[in-house]
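Take a look at the model below.

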Amino acid sequence: MANKVLIAYFSRRGENYVNGNIRHLERGNTEVVAEKIKALLPDADMFRIETTYAYSDSYMECIEEAKRELREQARPEVNNAPASLDEYDTIILGYPNWWGTMPMVCYTFLESYDFADKRIIPYCTHEGSGMGSSVRFIKKICPDAIVLDGTPIHGAEAPHADREARSIAELV
């Protein structure tokens, strides 16, 4: 059986923190990396994890929204969630590091499916915090999955993260 791959990612466009400054990004850093991985794995499917509501365009307001969601252990609804992930053997999961972990909508995504015997290959864009505690939480949420250690990618380097994208693609 061929290894069917899904690249699922959460990424935020607009104002983002990049190398100590707030900059407007047309595409979020995690999305940029997802596209690099997709170019290396043309047969993989892609799914952009989105909430049913928009976060603030303001970076400062968005980080407060994210902090509130984390504090409340919120589970934002996933917009246009796939009915099933049964056809996939491997899920490449990308997300930014928000407050030391994944955005809460990624928790919703992971809790919505059975990942037993699937491989989860996480990668995280960050501005200095690496993977944070996200891999530990993925392993807790998906105890029957094979969860790899993950690849941290400095967000400001996302446009040039060809080596990291290649190393992720090679794990498939």
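Predicted model: local features only at pLDDT ≥ 70, side-chain atom pairs only at ≥ 80, totals over all residues.

Start with helix α3, residues 104-111. This helix is mostly covered, with 7 of its 8 residues buried. The buried ones are Met 104, Val 105, Cys 106, Tyr 107, Thr 108, Phe 109 and Leu 110. What lies over them? The cover of these buried residues includes the strands β1 (5-9), β4 (45-48), β5 (90-96) and β6 (119-126). Helices α2 and α4 (134-141) are also part of that cover.

Next comes the enclosed space. The structure holds 1 cavity of 30 Å³ or more. The space inside the largest cavity is about 40 Å³. Met 104 of α3 is buried, and Met 104 is also one of the residues lining this cavity. Helix α2, residues 59-72, gives the most to the lining, with 3 residues. By class, the cavity lining has 7 nonpolar residues, 1 polar and 1 charged.

Now turn to the open spaces. The largest pocket holds about 420 Å³. Its lining counts 22 residues, and nearest the centre are Tyr 17, Tyr 59, Pro 96, Asn 97 and Trp 98. Which elements supply at least two residues each to the pocket lining? They are β2 (14-18), α1, α2 and β6. Again α2 gives the most, here with 4 residues. The lining of this pocket divides into 8 nonpolar, 11 polar and 3 charged residues.

The second largest pocket holds about 250 Å³. Here the lining has 13 residues, with Ser 11, Arg 12, Arg 48, Ala 54 and Tyr 55 nearest the centre. By class, they split into 5 nonpolar, 3 polar and 5 charged.

Lys 36 sits in helix α1, residues 29-40. Is this lysine buried or exposed? Its relative accessible area is 19%. Buried means under 20%, so Lys 36 counts as buried. Leaving out residues up to four places away in sequence, Lys 36 touches Ala 158, Pro 159, His 160, Ala 161, Asp 162 and Ala 165. With Asp 162 there is also a polar contact, side chain to side chain, at 2.8 Å.

Key
Residues numbered from 1 in each chain as written. Heavy atoms only, no water. Buried < 20%, exposed > 50% of the residue type's maximum accessible area, 1.4 Å probe, protein only. Polar contact = N/O pair within 3.5 Å; in protein donor to acceptor, adjacent residues only side chain to side chain. Contact = heavy atoms within 4.5 Å. 1 Å grid on protein atoms, 1.4 Å probe; cavity = no way out; pocket = protein on both sides within 12 Å on 5 of 7 lines; lining within 4 Å. Points joined across faces, edges and corners; volume = space filled by probe spheres on them. Nonpolar A, V, L, I, M, F, W, Y, C, P; charged D, E, K, R; others polar.
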